Amino acid sequence: MATPDKILQKKRRAAADPERPGERCNASAGSWTPVVDRTRCEAERDCTDVCPNDVFEIRRIEPGDFAALGLGTKLKVLAHRRLTAYTPNADACRACGLCVVACPERAISLVRPTSATEPPAA
């Protein structure tokens, strides 16, 4: 577990990153969704450390998510104790973008969710 000083350093580094996407925490909650690429996530916990809205949690990968991975990725996930990031509180995301730039594996992206009434993007 990272010390409070290390977590603060991570937050400052992420906040200063010029490539930070999103709306700098100015979006309405739930207007963006963080998406975790399980083929890249190594459960480093940077997302949980920097997220001001407790969107993320690190936990054991769900059996269905694990089954969907390719053999090489399964081996990588096993090497990381079958841990990955999940977003149980995605509806609290305010699109600050800190998670995206803090993730050392670049496994997180921010997307605007489509409503059920919108046609899918082509």
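The side chains of Arg38 and Asp65 are joined by a polar contact of 3.4 Å, where a polar contact is a pair of N or O atoms within 3.5 Å, one able to donate a hydrogen and the other to accept it, with residues adjacent in sequence counted only if both atoms are side-chain atoms. Another polar contact, of 3.5 Å, links the side chain of Arg38 to that of Thr84. This is a predicted model, in which local features need pLDDT of at least 70 and side-chain atom pairs count only at pLDDT 80 or more, while totals for chains, interfaces and linings use all residues. Residues are numbered from 1 along each chain as its sequence is written, and side-chain values use heavy atoms, with hydrogens and water left out.

Arg38 sits in the loop between strand 1 (33-36) and helix 2 (46-50), these elements being DSSP runs numbered from the N terminus (helices H or I, at least four residues; strands E, at least two). Because its relative accessibility is 18%, Arg38 counts as buried, a term that means under 20% relative accessible area with a 1.4 Å probe and protein chains only. Beyond its neighbours within four places in sequence, Arg38 has contacts (heavy atoms within 4.5 Å) that include Ile61, Leu69, Val77 and Tyr86.

The lining of the largest cavity divides into 10 nonpolar, no polar and five charged residues, with Ala, Val, Leu, Ile, Met, Phe, Trp, Tyr, Cys and Pro counted as nonpolar, Asp, Glu, Lys and Arg as charged, and the others, Gly among them, as polar.

How values were computed. Buried < 20%, exposed > 50% of the residue type's maximum accessible area, 1.4 Å probe, protein only.
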